[in-house]
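Reader: I have the sequence and the coordinates open. Please take me through the fold, the packing and the voids.

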Amino acid sequence: MKPSPLLIRLLLIACASALAVSAARIWWPQAAALLANTWWLGFGALTLASLLDFATGRHCRGLDGRRHLPGNLALGVEQRIDLNLINTGTRPLNLLVTDQLPEELRARNLPLAIQLQPQQEIVAHYTAMPVRRGLAAFGRLELLVHSPWQLWQCKVLAGEPQQVKVYPNFLGISSLQALSTEQTLRFLGVHQQQRRGEGLDFRQLREYRRGDSQRQVDWRASARMQKLISREYQDERDQEIIFLLDCGRRMRARDGDLSHFDHALNALLLSAYVAIRQGDAVGLQCFAGNQGRLPPVKGEGAINLLLNHVYDLHSGTAHSDYTAAAEQLLARQQRRALVILLTNVRDEDSEDLTAAVAQLSRHHLVMVACLRERALDELLEKPVVDFDSALLNGAGRDFVRRRGRLLQQLRARKTILADALPSEMHMSLVEAYWQLKRSGKL
C-alpha cells in the first residue's frame, strides 16, 4: 500500500493549515484557539479516515488480468494489445492498469483508468509500436487499485510474463500472398516488358496466336495437328539468389524512423519473396561482425524460414571487409548464383569493393545494392546563405562526386547496380531482379 495523490494533497493542505494556525497566534490571537481546535478536529478526522480506508483497502481479493498478444509483431507497425481484466470480489474497484513493456516497444494510452464492478469482466486495450527487432519479453501486468475512499493505492501483479518475436516489416509481404506474380509486380509499380510466351524453359504447346514469333512455331507438331502450334516458354526456374548482407557500422545510419540496416532487411525480404514465387532458391550470408548464414532454400516455407533467421539480426560497429566476405562466399557457394550485395558504399571503399566484385564475378552474377543517404540530398537542397553552409554544401557535393565515380567504376566492370534511397530500395531491388530474370542473364 502507498498513499494516493489525493491523500498526499490532503496532507499538504493540513501542513499549510498548521502554518496558518501558527501565524494566527501572532497576528490574530483572539481566533487562534478556535482555529487550532478546528485544525486538530480536521486532522483527527483525516487520520481516522485514512486508517479505516487502509484497513478496508489493504486486501484486494478476486482481481486478475491476462494479456493477449498477437503471434508476432512487425517493426514500425502499431499493434493493439488486449488486456482481459476480471473482478470476482465483492466490492467495486477503481484501478490504473499499466504493463511491464520490453525495450523493443513503445506504447500509447498507458496507464489505463478502469472501473470494475463485482463479478465483472472487461477487455481493455492499448496500442504499442515496435521500435527494434528481436525477441520482446513482456513482464506482468501492474494493477494499481484504489482503496474505497481513494486515499491509498494497492499494487497487484497479474498475468504471466510473455515473449513475442518482432520481425521486419513483413506486412507488405502478407498483403501480396493472394496475388499472382504479375499482379504483385504491378502492385509494386515494377515495369514489365511484355513477352508472348518467350523464356528459357519449355512450358507447353498451344495453338498459334497472332503476334507469336516464327521461331516459336513447332513445325512437327503443326504438321501432325494440321494447324499452327507454338511452343510456350517460361522464365528459367530453380536458380539461386544469395544476399550478401552488410552488418557493419555504416548500416547503423538512420533514415526516418528506421536504420539503413532495417531498410535493407525490408528490401531483402520483399525481393526474396518475389524470387521464391518465381521458383528460385534464396540464401543469405552476413558479414562485418555477424557471420550468420542461411543456405539457399525454396518453396512455400522458405520466406518464413528466412524471416525467422533475420528477425533478430542487428548491425554492429565492425568495419565492412568486402574482400573477406567475397572469399567466404566463394568457399561456400559453388553453384553459379546471383549475388546481391546490400551495403552503404563510400569512396574510400573503392579498392576493397572493386576487388571483391571482381572475385565474385568470376563465378557468379553480381549486383551491388547501394543505399543512398537522404541526408545528403537534403544538404544539397539547402540554400547557401553563409560561409559555414557553403563549406557543408561543397563537402556534400564532393562526397557525392566521389561516390558517383565509384559507382561508375563498378558499371565499367559490368556490375549490376541498384542505387536508391533506403525507403525506395525494395522497389529498385525487385525491378533489377525482374529485369535480369526476363533478360535471361540470370
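**Strand pairing, cores and cavities**

Author: Strand 10 (residues 141-146) and strand 11 run antiparallel and are joined by six bridges. The model is a predicted one.

Reader: Which residue in the turn between strand 10 and strand 11 has a positive phi?

Author: Strand 10 and strand 11 make a hairpin, with five residues between them. Within the pairing, leucine 141 stands opposite alanine 158 of strand 11. In the turn, a positive phi of about 65 degrees belongs to glutamine 150.

Reader: Which residue of strand 11 is the bridge partner of proline 3?

Author: Strand 11 also pairs with strand 1 (residues 2-3), in the antiparallel sense and over two bridges. The bridge partner of proline 3 in strand 11 is tryptophan 152.

Reader: How many of the seven residues of strand 11 are buried?

Author: Buried means a relative accessible area under 20%. Cysteine 154, at 11%, is therefore buried. Strand 11 (residues 152-158) is largely enclosed by the rest of the structure, because the number of its seven residues that are buried is five.

Reader: How many disulfides does the count come to?

Author: A disulfide needs two cysteine sulfur atoms within 2.5 Å. The cysteine sulfur closest to that of cysteine 286 is in cysteine 247, and at 4.1 Å the two are too far apart for a bond. Cysteine 286 is buried, with 1% relative accessibility. By this rule, the number of disulfides is zero.

Reader: How many residues are in the second, separate core?

Author: Leucine 429 is one of the residues with the most contacts inside the largest core. Leaving out residues up to four places away in sequence, leucine 429 touches Phe243, Ala267, Leu268, Ser271, Ile340, Leu342, Met367, Ala369 and Ala418. The second core is separate and includes Cys60, Leu85, Tyr126 and Val156; its residue count is 27.

Reader: What share of the residues of the protein chain counts as buried?

Author: The protein chain has 12 helices and 22 strands. Among its contacts with a separation of 6 or more, 72% are between residues 24 or more positions apart. Of the 442 residues of the chain, the share that counts as buried is 46%.

Reader: Which strand supplies the largest share of the lining of the largest cavity?

Author: There are three cavities of 30 Å³ or more, and the largest has a volume of about 50 Å³. Its lining includes Ile242, Leu284, Arg293, Pro295 and Arg332. Strand 18 (281-287), strand 19 (293-297) and helix 8 (322-332) each supply at least two lining residues. The largest share, four residues, comes from strand 19.

Reader: Which elements give two or more residues to the lining of the second largest pocket?

Author: The second largest pocket has a volume of about 290 Å³. It is lined by 13 residues, and those closest to its centre are Arg132, Arg254, Ser259, Asp262 and His314. The elements that give two or more residues to this lining are strand 17 (258-259) and helix 6.

How values were computed:
Residues are numbered from 1 along each chain as its sequence is written. This is a predicted model: local features need pLDDT of at least 70, side-chain atom pairs count only at pLDDT 80 or more; totals for chains, interfaces and linings use all residues. Side-chain values use heavy atoms; hydrogens and water are left out. Buried means under 20% relative accessible area, exposed over 50%, partly exposed in between (1.4 Å probe, protein chains only). Two strands pair if DSSP finds at least two bridges between them. A nonpolar core is a set of buried Ala, Val, Leu, Ile, Met, Phe, Trp, Tyr and Cys residues joined through side-chain atoms within 4.5 Å. Contact means heavy atoms within 4.5 Å. On a 1 Å grid over the protein atoms alone, a cavity is a set of points where a 1.4 Å probe fits but cannot get out, and a pocket is an open set with protein on both sides within 12 Å along at least five of seven lines; lining residues have an atom within 4 Å of a point. Grid points are joined across faces, edges and corners, and a volume is the space filled by probe spheres set on the points.
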